[in-house]
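Work through the following exercises with the structure open beside you. Try each task before reading its solution.

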Amino acid sequence: VAQQEYVDLFRNLEVSEEMYSELISRRLNFSLMEASSIGNIRVVDQAFVKNLVGPKITTPLLSTIIFFLIGLLTAIFRGMFFISISNPAELKDAGINNSISGVIPHLDSEKDPYDDLKFQQAIETLILNIETIFLSILGTQQVSKCKKILITSPTSENGKSLISRNLAFGLSRIGHKVLLLDVDLKRGNQHKFYNKETVNLKDFKKISEENIENYKVDNNLYLLPRLKNLENSFEHLYSESFLRKINTFENLFDYIVIDTAPALSV
């Protein structure tokens with residue numbers, strides 16, 4: 001009885017295993033069928049092609065020509081309006097036909113400008129031309145012994161103070177008694193270069209032949225710094241006291257170099 005029961009159970013187990021294997025196999029087939037139906041992609045239309053897509057020889061050629069013309073126009077425009085003049089002969093080419101006494105080269109720094117040979121030569125040439133101009137005037141007109149040179153510029157930072165200072169220094173080096181007069185009454189800084197202090201109106205009125213040596217900064221060179229604490233700078237410049245003081249200076253100096261404020265600001 002026990003053996004018969006064992007045989008029956010063994011057969012049932014075999015049948016169950018076969019059925020289980022069959023079910024697993026069918027499950028796998030169903031999964032494959034499902035996957036194949038989802039991934040079934042078909043082309044239902046042909047692609048519309050208007051023309052071939054690809055590089056053309058004319059495209060880079062035209063681009064090169066266009067960019068070359070743009071670069072050429074940029075270079076011409078920059079050359080006409082933005083490149084600084086490096087040779088005095090270029091002034092006439094730039095349409096500058098005014099009378100020119102001298103040309104001062106550009107300086108990158110105001111420190112020790114006389115170490116720059118071109119700057120030194122330019123100042124010497126300018127002084128020579130100024131001396132020649134005054135000699136020609138003396139030959140035709142009755143003028144004061146004292147020559148006055150006024151230097152200005154349209155805006156600030158154009159170099160007028162630098163040129164005024166070095167022109168006065170250059171004139172003093174060749175034996176002239178020179179006064180450098182700073183009348184840029186708002187931003188004048190000639191006193192800083194010579195380590196001097198600005199003066200007030202009271203001290204200015206006291207300047208005379210007796211105390212002028214107090215304003216000496218170098219051999220034959222004198223500096224009158226800008227006046228401070230003025231309520232109205234224009235009123236001072238047009239006052240009778242200022243003009244009388246200028247007349248006093250005319251009797252003391254060969255040259256008066258006047259450094260003014262930028263013209264457009266006044």
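**Exercise 1.** Is Tyr255 buried or exposed?

*Solution.* The model is predicted, so local features need a pLDDT of at least 70 and side-chain atom pairs count only at pLDDT 80 or more, while totals for chains, interfaces and linings use all residues. Residues are numbered from 1 along each chain as its sequence is written, and side-chain values use heavy atoms, with hydrogens and water left out. Begin with the terms: buried means under 20% relative accessible area, exposed over 50%, and partly exposed in between, with a 1.4 Å probe and protein chains only. Tyr255 has a relative accessible area of 0%, and therefore Tyr255 is buried.

**Exercise 2.** Describe the aromatic pair that Phe134 and Tyr255 form.

*Solution.* Start from the rule: rings of Phe, Tyr and Trp (its six-membered ring) pair if their centres lie within 6.5 Å, and planes under 30 degrees apart count as stacked, over 60 as edge-to-face and the rest as tilted. By this rule the count comes to five aromatic pairs. One of them is formed by Phe134 and Tyr255, with 5.9 Å from centre to centre and 70 degrees between the planes, and this pair is edge-to-face. Next, locate the two partners, remembering that helices (H or I, at least four residues) and strands (E, at least two) are DSSP runs numbered from the N terminus. Phe134 lies in helix H4 (residues 117–140) and Tyr255 in strand E5 (residues 255–259), so that the pair links distant parts of the chain, 121 residues apart. Phe134 has a relative accessibility of 19% and thus counts as buried. Finally, look at the face of Tyr255, where Lys147 lies at 5.1 Å from the ring centre; for a charge to sit over a ring, NZ of Lys or CZ of Arg must be within 6 Å of the ring centre and within 35 degrees of the ring normal.

**Exercise 3.** Which residues of helix H9 are buried, and which elements are included in what covers them?

*Solution.* First list the buried residues of H9 (residues 240–250), which are Phe242, Lys245, Ile246, Phe249 and Glu250. They cover an arc of only 150 degrees around the axis, which puts them on the same side of H9; the arc is that of the directions from the helix axis to the C-beta atoms. On the other side of H9, Glu240 and Arg244 are exposed. Then look for contacts, meaning heavy atoms within 4.5 Å: the cover of the buried residues includes strands E1 (147–151), E2 (178–182), E4 (221–224) and E5, as well as helices H7 (201–205) and H8 (233–237).

**Exercise 4.** Which residues touch the most other members of the largest nonpolar core?

*Solution.* A nonpolar core is a set of buried Ala, Val, Leu, Ile, Met, Phe, Trp, Tyr and Cys residues joined through side-chain atoms within 4.5 Å. Of the 21 residues in the largest one, Ile212, Leu224, Phe249, Phe253 and Ile256 touch the most other members. The largest share of this core, three residues, comes from H9. A second, separate core of 20 residues includes Ile127, Phe134, Ile149 and Leu162.
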